[in-house]
Amino acid sequence: MINLLIQILMGFLLGIAAGIVPGLHPNMIALIALISFSHPSSFIVVAVMLVSSQFFAFLRSVFLFVPDESHALALHPIYKMVGDGNGLFAVKLGLTGILLALILSIIASPLLNLIIPFLFSNISPYIPFMLLTVSVFFIFKDKKPLYALIIFLLAGALGFFGLDRLNQPLMVMLAGFFSMPVLLTMNPKIPIQKSTFRKIERKIMFKGSLSSFLAAFFAIFLPGVGPAQASLITRGLMKRTEEFILSIGALSGFNITFSAILLHTVNKSRVGALVMLGQNYVFGLNALLTFLFVCLSVGLICYVLIIHLSKRITKIIPKINYQKISVATIILLSGFVLYFDLWMGLLFFVLATMIGFIASKLKVRMANCMGCLVLPLLIFYFL
């Protein structure tokens, strides 16, 4: 029992680090855990780390405006909610989305275990066409479709050249596209946040979780399509900001659980940490059930913990000069970029920032910056 508690505690600490510190990827932490902890301790440590990192990453997205890959598209809606004094509600929406994803994954796992192997071999060839359709739909749905197309192509060109040349391309480009325009233009004084949590409507929970379930299910059949690209689908389905933020949280949860089910059924996974687990463990039914149970248990703990923590954070926000925080965050991001990718990374970081800033000024959807991931993928499949 003492050993189990130590494993859980270590998983939490590693998850907090991976969630809060920009550039510290869960896959990197998972590799360290697998090397440092013996069998079967590393299994529990990695499972706890993966889930807790997603919860704490959402906290970082709301209060530091530095999202991870799966939360990138939610950053501007989150910033708007914080600007309206609804930061606590934004936190609750994201955390509820992750928790709902964990619950729904367990409920749906028997059915998913049956249909995924069949669908994996039958519909995968058609999914690139679906991704192309979604991209075209998004561009021409924009109020300024020509500008949207230009931003999509510029971001796509940057992604095409950057994905193979950088060690941490997602951190470099997504931070530039989404975080930097906010950090460079944000109000130095964030409004006082409402101290009570609003109740989430059932309609929001239903629509947000269902759309992310479908998008995540779509994504698992196409290599290279992760939660960032899948969020394009939910963005197209969501009309209300609350629904979209909840769906983004759910997508990050589904990405973990669906990847575990995929590893069990077809011996493939979309999460690097799970790939490493699969190389060290036989991911049979017992391993899958244990993993899902650990995910849900950790999710419940993280939900309660972060809800209380976010209340304390909002109390000190009026005393914080966010101009100093934004400057410090920009320096930190630039430092991480230099550390991982030297001057080449800094060049891509600056170019991504310029494209993101132009998109913001032109008032086109920031989702078009996801062309950095979508366009290289489409080129790979069609050319």
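**Close-up views of a predicted model**

**View 1. Ser52 and the backbone of Val48.** A polar atom of the Ser52 side chain lies 2.7 Å from the backbone oxygen of Val48. The structure shown here and in the other views is a predicted model. Ser52 belongs to helix α3. Its relative accessible area is 0%, so Ser52 is buried. Apart from neighbours within four places in sequence, Ser52 is in contact with Gly11, Phe12, Gly15, Ile16, Val298 and Cys302.

**View 2. The largest nonpolar core and Phe55.** The largest nonpolar core of the model has 128 residues. Helix α3, residues 41–63, gives the largest share of this core, with 15 residues. The residues with the most contacts inside the core are Leu50, Phe55, Phe65, Phe177, Phe178 and Phe291. When residues up to four places away in sequence are not counted, Phe55 touches Leu95, Ile98, Leu99, Leu102, Gly299, Cys302, Tyr303 and Ile306. Cys302 is also among the residues in contact with Ser52.

**View 3. Thr257 in helix α11.** Thr257 is found in helix α11, which spans residues 241–266. Thr257 counts as buried because its relative accessibility is 1%, and the cut-off for buried is under 20%. With neighbours within four places in sequence left aside, the residues in contact with Thr257 are Ala101, Leu102, Ser105 and Leu292. Of these, Leu102 is also touched by Phe55.

View 4. Leu210 sits in helix α9, made of residues 202–219. Its relative accessibility is 38%, so Leu210 counts as partly exposed; this term covers values between the 20% and 50% cut-offs. Leu210 and Ala101 are 109 residues apart along the chain, and their C-alpha atoms are separated by 9.2 Å. Ala101 is also one of the residues in contact with Thr257.

View 5. Tyr126, Phe129, Leu132, Val136, Phe140, Phe382 and Leu383 make a nonpolar surface patch of about 790 Å². Helix α6, residues 127–141, supplies the largest share of the patch, 4 residues. Leu383, another member of the patch, lies in the segment after α15, a helix that covers residues 371–382. Leu383 is exposed because its relative accessible area is 83%, and exposed means over 50%.

How values were computed
Residues are numbered from 1 along each chain as its sequence is written. This is a predicted model: local features need pLDDT of at least 70, side-chain atom pairs count only at pLDDT 80 or more; totals for chains, interfaces and linings use all residues. Side-chain values use heavy atoms; hydrogens and water are left out. Patches are made of residues with over 30% relative accessible area and no salt bridge: like charges are joined within 9 Å, nonpolar side chains (Val, Leu, Ile, Met, Phe, Trp, Tyr) within 5 Å. Accessible areas come from the Shrake-Rupley method with a 1.4 Å probe; for residues, only the protein chains shown count as cover. A salt bridge is a side-chain nitrogen of Lys or Arg within 4 Å of a carboxyl oxygen of Asp or Glu. Helices (H or I, at least four residues) and strands (E, at least two) are DSSP runs, numbered from the N terminus. Buried means under 20% relative accessible area, exposed over 50%, partly exposed in between (1.4 Å probe, protein chains only). Contact means heavy atoms within 4.5 Å. A nonpolar core is a set of buried Ala, Val, Leu, Ile, Met, Phe, Trp, Tyr and Cys residues joined through side-chain atoms within 4.5 Å. A polar contact is a pair of N or O atoms within 3.5 Å; within protein, one must be able to donate a hydrogen and the other to accept it, and residues adjacent in sequence count only if both atoms are side-chain atoms.
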